Protein chains: 2
Amino acid sequence: MALKHTILAFLSRHPLSGYDVAKEFAEGFGSCFWKASQQQVYAELTKLEQQGSVSYEAIPQAGRLDKKIYSITEQGQQELLNWLTQPCEPSAIREDLGVMGLAGHLVSPQVVIREIERRRQLHLKMVEHVKKLDEHFAKHLNSLELKDIYMHLIIRRGIRYQEEWVAWCDEALAAIAQAVNQ
Amino acid sequence: MALKHTILAFLSRHPLSGYDVAKEFAEGFGSCFWKASQQQVYAELTKLEQQGSVSYEAIPQAGRLDKKIYSITEQGQQELLNWLTQPCEPSAIREDLGVMGLAGHLVSPQVVIREIERRRQLHLKMVEHVKKLDEHFAKHLNSLELKDIYMHLIIRRGIRYQEEWVAWCDEALAAIAQAVNQ
DNA sequence: TCAAGCATGTAAGGCGTTACATGATTTA
DNA sequence: TAAATCATGTAACGCCTTACATGCTTGA
């Protein structure tokens with residue numbers, strides 16, 4: 001699984017606190033290819049530290065728990081590298097909406113239409129969100145280092161994914177409308 | 001989670017054995033929106049039976065364990081219906097390849113290129129596979145009942161998803177090639 | 001003064017993967 | 001004779017979700 005390696009990859013760029021890593025997943029670059037909760041991130045960092053893949057420096061905070069700034073270790077770098085040079089498989093698709101394909105006729109078309117319209121709105125918002133992550137890269141497309149081209153391409157994947165959903169919703173709404181009105 | 005409801009939805013069409021349900025996920029219509037292993041299917045069917053959402057008829061087989069033909073119960077139908085009328089959220093994206101965006105510069109461009117080319121091939125094959133599921137529907141597009149339009153649309157979603165991946169691979173390969181050659 | 005942001009965790013339970021286990025029938 | 005298909009499971013372990021828990025600082 002890649003939660004471990006995604007965290008290592010973040011830390012291979014700069015040291016970060018657990019809070020920062022969790023934010024990357026929730027709103028930052030991580031959000032366009034991996035989802036992880038705050039609890040998962042803290043648990044994984046604790047495990048990685050025990051295994052020697054990361055280390056932390058504790059920074060005392062006035063009246064709070066220490067802030068822990070995590071860095072990747074030599075060993076962690078090696079693990080990340082080994083993982084990167086091995087082929088990876090496409091992720092499994094698990095999409096609740098698919099059940100409509102089998103059992104949509106059990107509810108009224110209006111229920112199906114409403115659900116697809118809702119989805120369309122959600123994915124439109126996601127397009128906006130992911131495009132913001134790409135702003136910097138899109139502006140300097142012709143002068144990006146390879147490192148940043150990789151980031152741009154992953155964000156592009158996120159944008160295309162969300163746009164594709166919007167397009168499918170349009171196709172589906174049109175097909176259902178036609179079937180219902182005739 | 002929708003494994004339960006996907007199985008109920010399959011059984012709402014016709015009674016099936018565990019083996020048949022597992023096959024639907026592995027190669028059939030299920031494969032375009034949900035993944036579940038054989039073990040998961042058997043475990044879930046046992047649970048659903050204990051909870052009264054499905055029932056089975058045991059059919060003796062010469063020299064084997066009985067074959068169990070599962071049907072949805074009144075209670076199962078109700079559960080499926082309740083679930084269908086509630087809004088559902090987009091599934092989380094978890095894509096191993098995304099780590100390349102953060103840490104691709106740690107390996108040579110050739111490794112990244114090889115990986116994306118591999119992905120392109122895999123998704124091309126998936127396009128073929130999913131298109132076969134749609135053959136019947138695509139042929140009779142203008143005379144489909146709503147029930148079958150729903151199935152067609154879910155398969156269309158699968159086709160578009162896989163085609164979108166191929167298109168992204170092309171975009172990525174072109175961008176990397178340009179950056180490496182200059 | 002209330003919400004949002006900063007900052008850290010614990011615990012229970014469900015879902016999914018991997019490995020193991022059995023054995024007949026059909027097709028190449 | 002070997003592989004694929006039919007047909008059913010058990011067990012261990014790890015990943016993810018949901019709920020709970022604490023407390024300071026900053027901005028509206």
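Colleague: Which residues come nearest to DNA strand C?

Modeller: A residue is near a strand if one of its heavy atoms lies within 4 Å of it. This is a predicted model, where local features need pLDDT of at least 70, side-chain atom pairs count only at pLDDT 80 or more, and totals for chains, interfaces and linings use all residues. Side-chain values use heavy atoms, leaving out hydrogens and water, while residues are numbered from 1 along each chain as its sequence is written, and chains are lettered from A and ligands numbered from 1 in the order in which they are written. Now the case here. DNA strand C has 23 residues around it, and Tyr19(A), Tyr42(A), Lys68(A), Gln39(B) and Gln40(B) come nearest. Of the atoms of DNA strand C that come within 4 Å of the protein, 67% belong to sugar and phosphate.

Colleague: Which helices and strands supply the surface near DNA strand C?

Modeller: Helices (H or I, at least four residues) and strands (E, at least two) are DSSP runs, numbered from the N terminus. Chain A supplies at least two residues from each of α2 (18-26), α3 (38-51) and β3 (67-72). In chain B, α3 (38-51) also supplies at least two.

Colleague: How do the residues of that surface near DNA strand C divide?

Modeller: Ala, Val, Leu, Ile, Met, Phe, Trp, Tyr, Cys and Pro count as nonpolar; Asp, Glu, Lys and Arg count as charged; the others, Gly among them, count as polar. Near DNA strand C there are five nonpolar, nine polar and nine charged residues.

Colleague: Which part of DNA strand C does Gln39(B) lie 2.7 Å from?

Modeller: A polar contact is a pair of N or O atoms within 3.5 Å; within protein, one must be able to donate a hydrogen and the other to accept it, and residues adjacent in sequence count only if both atoms are side-chain atoms. Gln39(B) puts a polar side-chain atom 2.7 Å from a base nitrogen of DNA strand C. Gln38(A) has a polar side-chain atom 3.0 Å from a base nitrogen. Tyr19(A) meets a phosphate oxygen instead, at 2.7 Å.

Colleague: Which residues come nearest to DNA strand D?

Modeller: Of 24 residues around DNA strand D, the nearest are Gln39(A), Gln40(A), Tyr19(B), Tyr42(B) and Lys68(B). Sugar and phosphate make up 66% of the DNA strand D atoms within 4 Å of the protein. The side chain of Tyr19(B) has a polar atom 2.6 Å from a phosphate oxygen of DNA strand D. For Lys47(A), the distance from a side-chain N or O atom to a phosphate oxygen is 3.0 Å.

Colleague: How do the axes of α1(B) and α3(B) cross?

Modeller: Axes are lines fitted to C-alpha atoms, for helices over the stretch in contact, and angles run from 0 to 180 degrees between N-to-C directions. The axes of α1 (residues 3-13) of chain B and α3(B) come within 10 Å and cross at roughly 80°. The two helices α1(B) and α3(B) are therefore roughly perpendicular (65 to 115 degrees).

Notes:
Angles under 35 degrees count as roughly parallel, over 145 as roughly antiparallel, 65 to 115 as roughly perpendicular and the rest as oblique.
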